[in-house]
Structures are given as structure tokens and as C-alpha cells.
Amino acid sequence: MKLFTDSDLDGLGCSALAKLAYGDKADVYYCSPRNLNQRVEYFLDQPDNSKIDMTITDLSVNEEIEARLEERFKKGQFVQLIDHHVTAMRLNDRKWGFVKPEYEDGRKSCATSLYYEYLMEHGLLEQTGALDEFTDLVRQYDTWEWEKNENVKAKRLNDLFYLFERGKFEEDILRRLRENKDAFDLTETETMLMDIEENKISRYINAKNRQIIQTFVDEFCVGLVHAEQYLSELGNALNKLNPHLDMIVLLNVGGKKAGFRTIHEDVNVSEFASRFGGGGHPKASGCELTEEAFDHFVLKAFPLQPLKPDPERNELNVKNAPYGTYYENRLGDISFIMPVSDQCFEVLQNGENAGSFSSYEEAERHIKRHYGSWLRFDDACVLHLSTALRIPAEEVKANYEKAVKQAFNG
Ligand SMILES: [Mn+2]
């Protein structure tokens, strides 16, 4: 049998299942959405191939190839297509097409999970605990469900897939699925490798978080950062660390590319990218670094200083404190969020009223977007209050809340 499948982990999952079901008779072509039609067409053009069963997983064919597959099917030659992409739904009209994006219980499907069920139903593969586990890891990764479930094992399986050469990785997975039918686990070495890799990425993210340049581009408050690796992890992490920013712009001057990532429902970075001749998805897009884009994102931003992250170890000047919270920026401006009631938070900018907000988060968002400020360090707050009130720093520390109130009313 001949299997045409995608080149990602979901595609590899299908290939592994075919090899378990058909053994040496399984011949796998790894394809991409771009070259699938061409490769299937070539296969169909060889008269000898009419006797070979063909299956396509995780990918769909265009209308021209669809017609040729229908022709093949009508001649009584075996053809089966299994996919989970909504865009392929029309192929359900064909007897040889099976497209199912979602299970009855609401879980999203993937090609590997659908193909596993197909092979079991047709008596070609026996259910095992290891296969249940393996196919579900692939499914959780492919549908991004792992993130909600915090299923790190699924994420690690995908990282390992990209770390190793595909053929060797697949052999290894097959050996494991054959040897241990009860469970599918990562080895000690794999776990150690992933620990090292994850530490490396987390240090990289922290370093990049200290390089973010905040600026407005059109109506959007954006965070600019130069980066050329771990882009999806980085975009996601920096957005979460800086929720006051509308998007993160990932600049790769060497590759002449800019990427746009957001986590906000009301921001469409695909539309934003189109302003610079690019495109993509609502939450992840990109464009070529044209001269205009270079001017906007690189040249104009170069003289600006990066944002400072909020201190993580403050004990006195903390967010949402009942006695109020101080922020500062590179110009030495001091902002203060004063809670007036549960639904009223006033912002004082260098002592002047700068508006009131219905939540602490909104007040902070205003301060961060408009003044480029960060949470002021405990030590700086104590020193400031000690000087203003002419009280020893130790005393301010011991009665911090009282000192803030005193400074405020005095
Ligand atoms: Mn897939």
C-alpha cells in the first residue's frame, strides 16, 4: 500500500500506524500541502500503480485530482482519504473521502487519531494502551489542546520530532510501540534533552523581554524585538508577559522579515500585516521587511530605550495594593494608582490627576501604554518616601502603608 501523508508530527503518526498495520508493505510518501497534488498525479499516471492500494492522510487534493481519484475508485481500485481540516469537508461527498474535524464529544480530531480508528474498525490494527496514548499525544499537539490541558508530554513529543532526523525518529517510535503495548513514555535521555532545551528557551525569552521597545504604530501599541529563533514560543510568551501591548513584532533583519503575534481577541494582526504588504492569520502574521517596514520598525525605534520588566520580588509596592501602587519610567515620571472604590481607580501622573478607571488592570494598562512605565522597585519607593517624609528608611519599611498614606495626604 502507498500512503501519502503530511510532513509534520500528525503526518508521521499516520505513517507509523500504516507501518504497524501493513508492515513492510507500507510505502510512505511524505508530502506538503504544496506538492501533494503533483505527487498523487504522478502516482496515478503510472499504469502499474493501479493495483496498489492508496491512502492519503492529513492532506486534501484539489478538484482536478479529486476527479481522477473518483475515476480510479469507480474502476474498483482502492483509494481512501482521511483528513481533519474543515477546508476538506467537501470530500465527504466521495465514498472514499472521510473528513471529520471534531468528535461527537467536542474534542478536535487529527489525522492520526482518525486513521487509528479507521484501521481498528477495518480489523487492520489492534487497540493497545500505548497506541491510545501515542495517538492522543499527537492529537493534543496538532489541535493545540495540549496547551489548555498543560500536556507537556505532547509538546515534548513534537519538539523531539523536530530535533531528530525523521527516519530515525520514526523507527524509534515504531520500536517502542511494538515493544511496550501498555504505555507510551519518553525515555530518560529524551526527558533530559527537553529539560535542557526548555531551560535554554526560557532564558532566551527572559533576555528578549528586556529588549522590547514599546512604540505606537498607527493605532496599535506594539512591542518590537529582534529575534530569529523560537518565534512562536517567544511571541506567545512576550505577549503574556506584556498584556498591555496590542501585539509583539518579531524582527529578523538578516532574513528581511517581520512577524506579528497577538493574544488579544480584538486585535487582528493579519489586517495589520496587510498594511505592509503581508498577511497571515488573525493571531499570527508577517510581512517582508521592505524599506517602509524597515523605516517603521527598525530605524524609528533604534534611538528608543527598551521597556523594563516589572520587578517580581516586591513585597511593599505590589500590584492592586489597597493603599495604592507606584510606577516609574525612563524619564523619571512617577505614576500612582489609587484605589478609590472597587470600581474606581484613579491615576496620578507626577501628582496630577490623569484619569480614573473601572479596574486596576485598566489603570495599569493606561500607565504602561502612555508612559512606558513599570512597577517601581520597593527600594526606590522606600527611599522616595523616606526623603519626602524625612523619616528613616527602616521606619518607612516597617510602616509602609502608613507612609504611603502620609505622603499622599501631606
Ligand atoms: Mn494534522
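Colleague: In what sense do strand E6 and strand E7 pair, and over how many bridges?

Modeller: E6 (residues 213-217) and E7 (residues 220-226) pair in the antiparallel sense over 5 bridges. Two strands count as paired if DSSP finds at least two bridges between them. Strands are DSSP runs of E, at least two residues, and helices are runs of H or I, at least four, numbered from the N terminus. This is a predicted model, where local features need pLDDT of at least 70, side-chain atom pairs count only at pLDDT 80 or more, and totals for chains, interfaces and linings use all residues. Residues are numbered from 1 along each chain as its sequence is written.

Colleague: What stands opposite Ile 213 in E7?

Modeller: Leu 224. Leu 224 also stands opposite Val 249 in E8.

Colleague: How does the chain get from E7 to E8?

Modeller: Through helix H10 (residues 231-241), in a right-handed β-α-β crossover. Right-handed means that, with the strands pointing away from the viewer, the path from the first strand over the helix to the second runs clockwise. E7 and E8 (residues 247-252) run parallel, joined by 5 bridges.

Colleague: And the turn between E6 and E7, how many residues?

Modeller: The hairpin has 2 residues between its strands, and Asp 218 in the turn has a positive phi of about 50 degrees.

Colleague: Other topic. What is the strand order in the open sheet of 5?

Modeller: E15-E14-E13-E12-E16, with antiparallel pairing. E15 (352-357) and E16 (374-375) are the edges; each has a single partner strand, so one side of each lacks a neighbour in the sheet.

Colleague: Which residue of E13 does Thr 325 stand opposite?

Modeller: Ile 337. E12 (residues 325-328) and E13 (residues 334-341) pair over 4 bridges.
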